[in-house]
Amino acid sequence: MDFFAYSFIRTNEFGQITHWETHVNSSYNDFPDAAIGEHGPYNDADLYMAAVMKKLKSAGIDLMALMHASRKI
C-alpha cells in the first residue's frame, strides 16, 4: 500500500501547536480500511481514536489494561 500526505502546522510565539491539518490522497483510504476497518475524514482526533479502540476491542485487545499493567523487569 502506498499513499502520500502533507500537513500544515501553525504555532504560536511559544512554539506550541495551535492548528494542524493533514491532507492525503484518496489512496490513503485503503490503509485505514485495512488497519481499523473504516476511514474518515475525521474532524476530531477523538473520533479517529474511537475507531482504533473499537478495532482493538473487536480483536480482544484491552488497551487500557495493557497501559495499566505493571511491568516486571
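Predicted model: local features only at pLDDT ≥ 70, side-chain atom pairs only at ≥ 80, totals over all residues.
Residues are numbered from 1 along each chain as its sequence is written, and side-chain values use heavy atoms, without hydrogens or water. Local features need pLDDT of at least 70 and side-chain atom pairs count only at pLDDT 80 or more, while totals for chains, interfaces and linings use all residues.

**The surface patch**

Let's start on the outside, where Tyr 48, Met 49, Met 53, Met 64 and Met 67 form a nonpolar patch with about 460 Å² of accessible area together. Areas come from the Shrake-Rupley method with a 1.4 Å probe. Helices α2 (45-58) and α3 (63-68) each supply at least two residues of the patch. Met 67, found in α3, counts as exposed (over 50% relative accessible area) because its relative accessibility is 53%.

**The largest pocket**

Next comes the largest pocket, with a volume of about 560 Å³. Of its 16 lining residues, Thr 22, Tyr 28, Pro 41, Tyr 42 and Asn 43 are the closest to its centre. Lining residues have an atom within 4 Å of a pocket point on a 1 Å grid. Strand β2 (17-24) and α2 each supply at least two lining residues, and the largest share, 5 residues, comes from β2. By class, the lining divides like this:

| Class | Lining residues |
|---|---|
| Nonpolar | 8 residues |
| Polar | 6 residues |

How values were computed
Patch = residues over 30% accessible without salt bridge, like charges linked within 9 Å, V, L, I, M, F, W, Y side chains within 5 Å. Salt bridge = Lys/Arg side-chain N within 4 Å of Asp/Glu carboxyl O. Helix = DSSP H or I, 4+ residues; strand = E, 2+ residues; numbered from the N terminus. Buried < 20%, exposed > 50% of the residue type's maximum accessible area, 1.4 Å probe, protein only. 1 Å grid on protein atoms, 1.4 Å probe; cavity = no way out; pocket = protein on both sides within 12 Å on 5 of 7 lines; lining within 4 Å. Points joined across faces, edges and corners; volume = space filled by probe spheres on them. Nonpolar A, V, L, I, M, F, W, Y, C, P; charged D, E, K, R; others polar.
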